[in-house]
Amino acid sequence: MTPLNQNIANHTDTTIIDTPMLIVGASAVGGLLAVILAKHGIIPTVIEHNAKTFDSAKLAQSDSRVWAINLASQQLLTYAEVWPLILRKAPYKAMHIYHANGIHPVELNSSSLSSPLGHMIETHVINHAIT
């Protein structure tokens, strides 16, 4: 039996939650799902192991970890009324994607289009906007 299974097997405290939907994880994906469900009248219960609070000092700092949000994701964030809450975002018109071994690179480019491929958004900025 692995230590994880031992913890589960030995765990005796239980809580019963009556909820129409349970979401485990409140980062960008779980948080966005909760927002969209709530827009449709389904109020989920969200469980987050590492619940964090965001403060203005952290948001003022730059973060090198970013998400490349495509236009479909932007539309979803707009539908959820989260897009206007994203404080910093930078459009991108090209992206080069390489496999770890460098074989078969993919290049995406929107130079012939009037709109960008999407936006780069810092991880903590998008998490703050959603949660």
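R65 is exposed at 53% relative accessibility; exposed here means over 50% relative accessible area, buried under 20%, and partly exposed in between, with a 1.4 Å probe and protein chains only. Its salt-bridge partner is D63, with 3.2 Å from N to O. D63 is buried, at a relative accessible area of 12%.

Some ground rules before the other pairs. This is a predicted model, where local features need pLDDT of at least 70, side-chain atom pairs count only at pLDDT 80 or more, and totals for chains, interfaces and linings use all residues. Residues are numbered from 1 along each chain as its sequence is written, and side-chain values use heavy atoms, with hydrogens and water left out.

A salt bridge means a side-chain nitrogen of Lys or Arg within 4 Å of a carboxyl oxygen of Asp or Glu. How many salt bridges does this rule give? The count is 3.

Next, K39 and E81. Their side chains form a salt bridge at 3.1 Å, N to O. K39 sits in helix 2 (residues 28-39) and E81 in the loop between helix 4 (71-79) and strand 4 (90-92), so this pair ties together parts 42 residues apart in sequence. Helices (H or I, at least four residues) and strands (E, at least two) are DSSP runs, numbered from the N terminus. K39 is partly exposed at 38%, and E81 is exposed at 55%.

Last, R88 and E122, whose side chains meet in a salt bridge at 2.7 Å, N to O. R88 is in the loop between helix 4 and strand 4, and E122 is in strand 7 (residues 118-122), so the pair links parts 34 residues apart in sequence. R88 is partly exposed at 29%; E122 is buried at 11%.
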